[in-house]
Amino acid sequence: MDAVKRRKIVNGVVLVLSTLAALFGLMWLFWILGTLLYKGLGSLSWEVFVGDPPGPGDNTGGLKHAIVGQTLIVLIATVIGIPLGILAGTYLSEYGGNSRIANFIRDLSDVVMSVPSIVVGTFIYAIMVKPAGHFMGIAGSISLAIMMIPIILRTTDDMLRMVPPELREAAYALGATKFKVIKDVVYRAAITGIVTGVILSVARIGGETAPLLFTSFNNNFFTLNMFQPMASLTVTMYDYAMSPYKYWQQLAWAAAIILTFGVLGANILGRVIAHYKFKK
Amino acid sequence: MARSRGFWADWTFGKIAAISAFLVVAILIALAVVLYGESRLAIEAFGVWKFITSTVWNPPMEKFGGAPAIFGSIVSTIISILIAVPVAVGIAIFLTEIAPHYLRTPVGVAIELLAAIPSIIYGMWGLFFFAPFMRDYLQPVIHATLGKLPVIGQWFEGYTPGIGLLTASIVLSIMILPYTAAISRDSFKMVPDVLKESAYALGATKWDVMKDVVIPYAKLGVIGGIILSLGRALGETMAVTFVMGNQPVIPHSLLEPATSITVTLANEFTEADSDIYLSSLFYLAFILFVMSFLVIAIGKFLFLKRVER
């Protein structure tokens with residue numbers, strides 16, 4: 001009976017340890033989240049959303065330039081990334097199937113997905129910023145689009161392959177061309193999944209800082225010109241948090257909470273759609 | 001016979017889709033070629049082995065060696081994995097075997113959402129909250145415990161304002177924790193219930209089932225997940241930039257400020273004022289690209305491939 005007792009004790013010890021590990025891990029994560037809520041919500045005000053950027057040592061000013069810049073950069077990245085990602089995913093699922101070349105592209109796309117984001121930034125710097133001679137918002141959008149395409153490709157591919165082949169065959173039997181089948185049958189059947197993938201990819205790239213550091217850079221003025229340096233919430237956070245001015249640091253926390261709400265909001269939206277779609 | 005409009009729509013769509021798919025391949029090739037091309041100048045000036053082993057990073061003298069940055073990247077990644085993996089596996093065990101069912105979904109979703117928080121937030125928290133905590137509370141504890149050990153004790157010496165290699169590694173470990181935990185949990189979940197139930201029927205305790213059924217079954221998935229987390233830690237920039245200290249030296253103690261490839265790039269890239277300086281930074285980026293490529297390739301093709309079958 002001794003062996004049984006020992007096993008029970010070991011079992012108890014391990015269960016307690018892993019519960020402690022879970023609590024330990026969650027404690028850090030909630031410390032960070034608590035800090036963010038406490039500092040961030042305390043820094044929010046109307047001024048933050050509509051004010052122009054503060055000068056050094058100023059005690060008023062806001063993030064209008066960065067909020068607009070962030071929105072524009074992510075929006076353009078989405079406009080570039082969505083069609084390319086969806087088309088590439090469509091090719092893999094509808095034309096490539098299980099061929100070697102399609103699987104090869106799938107693997108490479110996973111590799112692109114895990115290229116460090118700062119490396120993507122240096123790449124765009126070399127091919128766009130250096131030849132142009134100045135930083136520009138559009139370069140930031142393209143960096144983000146490069147990170148987005150593999151994510152959308154992956155989900156589109158997965159979602160289209162879940163559409164039953166009988167649906168396609170029924171449409172072909174009616175004399176539809178391949179393009180018509182894809183457009184009117186396959187996309188319709190998979191639309192919710194594709195939209196979910198797109199939203200999750202926006203959530204994923206929306207909080208990225210590193211690819212913007214050397215591409216869209218930063219701008220202390222409000223601009224809508226994508227071919228000029230453009231402020232973003234993330235790069236502004238980086239600059240303001242590192243600055244010695246109290247008000248700037250406060251604005252960095254305000255930017256942090258706005259960004260987190262945006263990213264988590266998109267993430268939750270994507271999950272809710274996926275939940276209702278796949279629950280039935 | 002004239003071809004109908006339908007044919008041309010079909011043909012065009014197929015071609016555009018194919019071009020989009022091959023664009024992904026083109027991006028990867030272009031990345032490698034451009035990074036290599038930009039670092040040519042530095043490769044010719046400093047060579048490969050000499051660049052990797054030289055510890056001199058002196059922009060005014062135009063002498064560049066990558067050893068401190070490469071050292072910092074590798075060491076911070078290893079430490080963060082050493083801290084994160086046991087905790088993440090603990091969380092995964094907790095979520096799949098211990099937690100009451102009504103807790104599993106909310107805690108699991110909470111962890112996945114935490115993985116979605118932008119990494120710069122971890123960095124800012126590290127700078128404003130964790131670094132002072134490290135200085136005031138953890139450093140004395142580390143001096144009194146790890147610092148007293150023979151041989152490795154010297155790695156834990158010195159007084160700093162809380163910013164350094166170990167601080168960065170800990171912040172990094174917290175950042176990859178939700179990611180690693182989510183992958184481990186998913187691997188554990190894939191173990192068929194029948195297997196577990198048979199073991200329970202033989203009188204196994206929960207730990208026996210974990211040790212002899214779940215972990216052997218999920219091993220490859222978990223290792224693959226750990227390697228993917230490793231790739232993530234290696235390429236992570238914002239969580240470490242705030243707290244690493246950006247000192248281009250190989251520190252004597254883990255508590256001292258250091259640098260890593262990503263930290264060097266984030267801090268110096270826009271300030272590089274000579275061609276050779278910029279080229280050396282591209283060289284570092286190229287090395288990081290190759291390292292993460294190898295890590296991902298090993299993780300995906302050696303471990304995760306076998307899981308899928």
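**Contact between chains A and B in a predicted model**

The contact between the two chains takes 63 residues from chain B and 65 residues from chain A, where two residues are in contact if their C-beta atoms, placed from the backbone, lie within 7 Å. On the side of chain B that touches chain A, at least two residues each come from α1 (5-46), α3 (67-98), α4 (101-114), α5 (119-144), α6 (165-189), α8 (206-235), α10 (261-268) and α11 (275-308) of chain B; helices (H or I, at least four residues) are DSSP runs numbered from the N terminus. The most is given by α1(B), with 19 residues. By class, this side of chain B has 47 nonpolar, 11 polar and 5 charged residues, with Ala, Val, Leu, Ile, Met, Phe, Trp, Tyr, Cys and Pro counted as nonpolar, Asp, Glu, Lys and Arg as charged, and the others, Gly among them, as polar.

The structure is a predicted model, in which local features need pLDDT of at least 70, side-chain atom pairs count only at pLDDT 80 or more, and totals for chains, interfaces and linings use all residues. Residues are numbered from 1 along each chain as its sequence is written, and chains are lettered from A and ligands numbered from 1 in the order in which they are written.

The axes of helix α1 (residues 2-43) of chain A and α5(B) come within 10 Å and cross at roughly 85°, the axes being lines fitted to C-alpha atoms over the stretch in contact, with angles running from 0 to 180 degrees between N-to-C directions. The two helices, α1(A) and α5(B), are therefore roughly perpendicular to each other, a term for angles of 65 to 115 degrees. I32(A), T35(A) and L36(A) of α1(A) make this contact with I121(B), Y122(B), W125(B) and F129(B) of α5(B).

Definitions and conventions:
Angles under 35 degrees count as roughly parallel, over 145 as roughly antiparallel, 65 to 115 as roughly perpendicular and the rest as oblique.
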